[in-house]
Amino acid sequence: RVALANPQIEFTFFLNDNETVKLQKTDLEHRITDLLGKKGAGELLELNETTDILAISGFVGSPEYAKRIRGDQFLFVNGRFIKEPYFNHAIQTAFEGLIPADFFPYYVIFFEMDPSKIDVNVHPTKTEVKFEDSKSIYSILRSVVKKSLGSYTLTPQLDDNQIFNFTPSSLPENEVISKY
């Protein structure tokens with residue numbers, strides 16, 4: 001969680017005095033693949049939206065990389081990891097129709113917002129947060145994820161020039177072109 005929230009920092013993890021993981025300074029996309037694995041080209045779909053309520057950034061995994069188990073789902077608010085089932089539901093519903101109902105997408109999503117609009121003192125571990133306007137955030141988050149998924153190409157694209165690039169001279173002589 002700390003490594004995901006801080007890709008600009010190098011991390012080295014030791015177990016029994018043996019270095020087990022070394023993470024170089026990088027950007028968020030590379031930090032995610034360093035920690036969660038490389039599953040294929042184009043697997044990470046970027047989120048980037050700013051509203052009056054909050055700014056959302058990060059990545060969701062493309063639909064074909066959804067899993068039957070939860071686990072690789074990370075939400076952060078102002079750099080702090082949070083657990084928020086309500087927002088997890090917003091993300092899950094954005095994937096409806098793209099993944100089976102018993103599968104879960106993976107994501108690393110950051111909210112930046114006015115600290116006065118949240119209460120981090122809800123739970124001793126500080127992972128549960130109370131939001132002043134959670135319904136609006138839910139709606140915005142769902143829309144941002146859907147927008148990102150919408151930009152992801154699920155079917156091959158055809159080149160418009162291949163379909164519509166013809167001239168009357170390329171048609172047979174006896175062919176009539178309707179005006180309607």
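The model is predicted, so local features need pLDDT of at least 70 and side-chain atom pairs count only at pLDDT 80 or more, while totals for chains, interfaces and linings use all residues. Residues are numbered from 1 along each chain as its sequence is written, and side-chain values use heavy atoms, with hydrogens and water left out. Helices (H or I, at least four residues) and strands (E, at least two) are DSSP runs, numbered from the N terminus.

- An open sheet is formed by 5 strands in the order 3-4-7-5-6, with mixed pairing; two strands pair if DSSP finds at least two bridges between them.
- Strand 3 (44–50) and strand 6 (80–82) are the edge strands, each pairing on one side only.
- From one strand to the next, the twist averages 20°.
- Strand 5 (residues 73–77) pairs with strand 6 in the antiparallel sense over 3 bridges, and Leu-75 has Ile-82 in strand 6 as its bridge partner.

**The helices**

- Helix 3 (residues 85–94) lies across strand 5 and strand 7 (107–112), running at about 120° to strand 7. Axes are lines fitted to C-alpha atoms, for helices over the stretch in contact (heavy atoms within 4.5 Å), and angles run from 0 to 180 degrees between N-to-C directions.
- Helix 4 (residues 134–151) has 18 residues and should span 26 Å at 1.5 Å a residue, which agrees with its end C-alpha atoms being 26 Å apart; the expected span is 1.5 Å times one less than the number of residues.
- Buried residues of helix 4 include Ile-137, Tyr-138, Leu-141 and Val-145, where buried means under 20% relative accessible area, exposed over 50% and partly exposed in between (1.4 Å probe, protein chains only).
- Among the elements covering those buried residues are strand 3, helix 3 and strand 7.

**The aromatic rings**

- The whole structure holds 9 aromatic pairs. Rings of Phe, Tyr and Trp (its six-membered ring) pair if their centres lie within 6.5 Å; planes under 30 degrees apart are stacked, over 60 edge-to-face and the rest tilted.
- Tyr-86 and Phe-87 make a tilted pair, because their ring centres are 5.9 Å apart and their planes at 40°.
- Tyr-86 is partly exposed at 33% relative accessibility, whereas Phe-87 is buried at 0%.
- Phe-111 and Phe-131 form an edge-to-face pair, with centres 6.4 Å apart and planes at 80°. This pair links strand 7 and strand 9, 20 residues apart.
- Both partners are buried: Phe-111 at 0% and Phe-131 at 9%.
- Ring pairs join Tyr-86, Phe-87, Phe-111, Phe-131 and Tyr-138 into a cluster.
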